[in-house]
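Thanks for coming, everyone. I'll keep this short. Please have a look at the chain on the screen.

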Amino acid sequence: MKLLDLVHRWTGGLIGLVLAMLGLTGAILVHEDSWITLPHTSDTLVRDPARVAAVTERLLTANPKANGIVFASERFGLHQLRGADGAGAYADQAGAIVTRWSSQWERPELWLFDLHHHLFAGDAGETVIGVAGLCALLFVITGVILWWRTRGTFAFRLWPKRLSRPAIVMQHRDLGIVVAPLLLLSALTGTMMIFKPVAAVVVAPFSSPAEVTAAMAQPKLKSGPLAARPDWRAMLSTARQRFPDADFRVLSLPRKPGAPISLRMKRAGEWLPNGRTTLWFDASDGRLLDARDALAMPAGAQVFNAAYPLHSGKVGGLAWRLVMTVSGLALAMLGSLAVWSFWFKRPRRKKRA
């Protein structure tokens, strides 16, 4: 038990601030659709394929450097144009530009997302985040084991009685056991999205990992070069006919020769905010090359697709967003106070006579 306590304390002291940052930024990002204060964010979602196609043509013609569009949703009434190197714009559903930016640093929701997911360090930062997630899983498991010894002294406190080491340890222990299920869910879903072996363990009871990988792999399709004026109306109408209950979510233009146009849609039964139902069109003539129904994927893929919406509060409405806010703020408090007590409130060793 002493070794377990040593591992728990030292790991927390070393990585606690990373976890605190993840918790705080996560709690903020859960509500990003509410705090982005731009005109038309609360507009009613336009679902008519002809109107969406007309706006798509207008936006992509006026912004030839754009490589895709994230369409408006029920909770956020603006289209987002995506460009290279973090550039982009928001436009209303009539196609009028509301605001532009040349890098992610001009939009707080973009740099906060990058900080939370990549530590501003790309793939290397994402790996660090994944390791932090594994440590969080370790903290929850070891913390529950260590708490069990002192369960008789449990007293719930949102904040320590004082900023002394014993008071912080008591509050850390007892608050931790209360939020342990939420922290476990946040850490597990976050780590699943970064490390494939973790995802494979989680989906294994439902489908073989190989089956899930095959179901979610991008099909190998050949396309002609991108037409000067693609027939967006025909493509979006085809997509709506194929999936009448689905909303348009993400349109991606080909980034290399021979790649098709892809359109992601969100069916009514999907939790993933941008959906996983996908159609691929020939970039030269708009022919439908392939389509994938997310609701027809294996059960294991359905479980994996639920990880992000559960982690980010994109399902379950305001109630679940508040639950994940509690999880994020609790992680921020536990991580920061753990570092404070470990490095600045450690008991002084008595000098030998």
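How many helices and strands does the secondary structure of the chain come to? There are 12 helices and 8 strands. Helices here are DSSP runs of H or I with at least four residues, strands are runs of E with at least two, and both are numbered from the N terminus.

Some ground rules. This is a predicted model, where local features need pLDDT of at least 70, side-chain atom pairs count only at pLDDT 80 or more, and totals for chains, interfaces and linings use all residues. Residues are numbered from 1 along each chain as its sequence is written, and side-chain values use heavy atoms, with hydrogens and water left out.

Now the overall picture. The C-alpha atoms fill a box of roughly 85 × 45 × 35 Å along the principal axes. The chain has 353 residues, and 47% of them are buried, meaning under 20% relative accessible area with a 1.4 Å probe, protein chains only. Next, contacts, meaning heavy atoms within 4.5 Å. Take those with a separation of 6 or more: 60% are between residues 24 or more positions apart.

On to helix packing. Two packed helices are described by the angle between their axes and the distance between the axes. Axes are lines fitted to C-alpha atoms over the stretch in contact, and angles run from 0 to 180 degrees between N-to-C directions.

First pair: helix 3, residues 49–62, and helix 9, residues 232–242. Their angle is about 140°, and the axes are 8 Å apart. That makes helix 3 oblique to helix 9; oblique is what remains after under 35 degrees (roughly parallel), over 145 (roughly antiparallel) and 65 to 115 (roughly perpendicular). Who makes the contact? Helix 3 brings P49, A50, V52, A53, T56, E57 and L60. Helix 9 brings W232, R233, L236, S237 and R240. By class, that is 7 nonpolar, 2 polar and 3 charged. Nonpolar covers Ala, Val, Leu, Ile, Met, Phe, Trp, Tyr, Cys and Pro; charged covers Asp, Glu, Lys and Arg; the others, Gly among them, are polar.

H116, H117 and H118 of helix 4 meet G122, G125, E126 and I129 of helix 5.

Last stop, W159. Where is W159 found? In the loop between helix 5 (122–149) and helix 6 (165–192). Leaving aside neighbours within four places in sequence, W159 contacts Q171, M333 and L337.

Terms used. Buried < 20%, exposed > 50% of the residue type's maximum accessible area, 1.4 Å probe, protein only.
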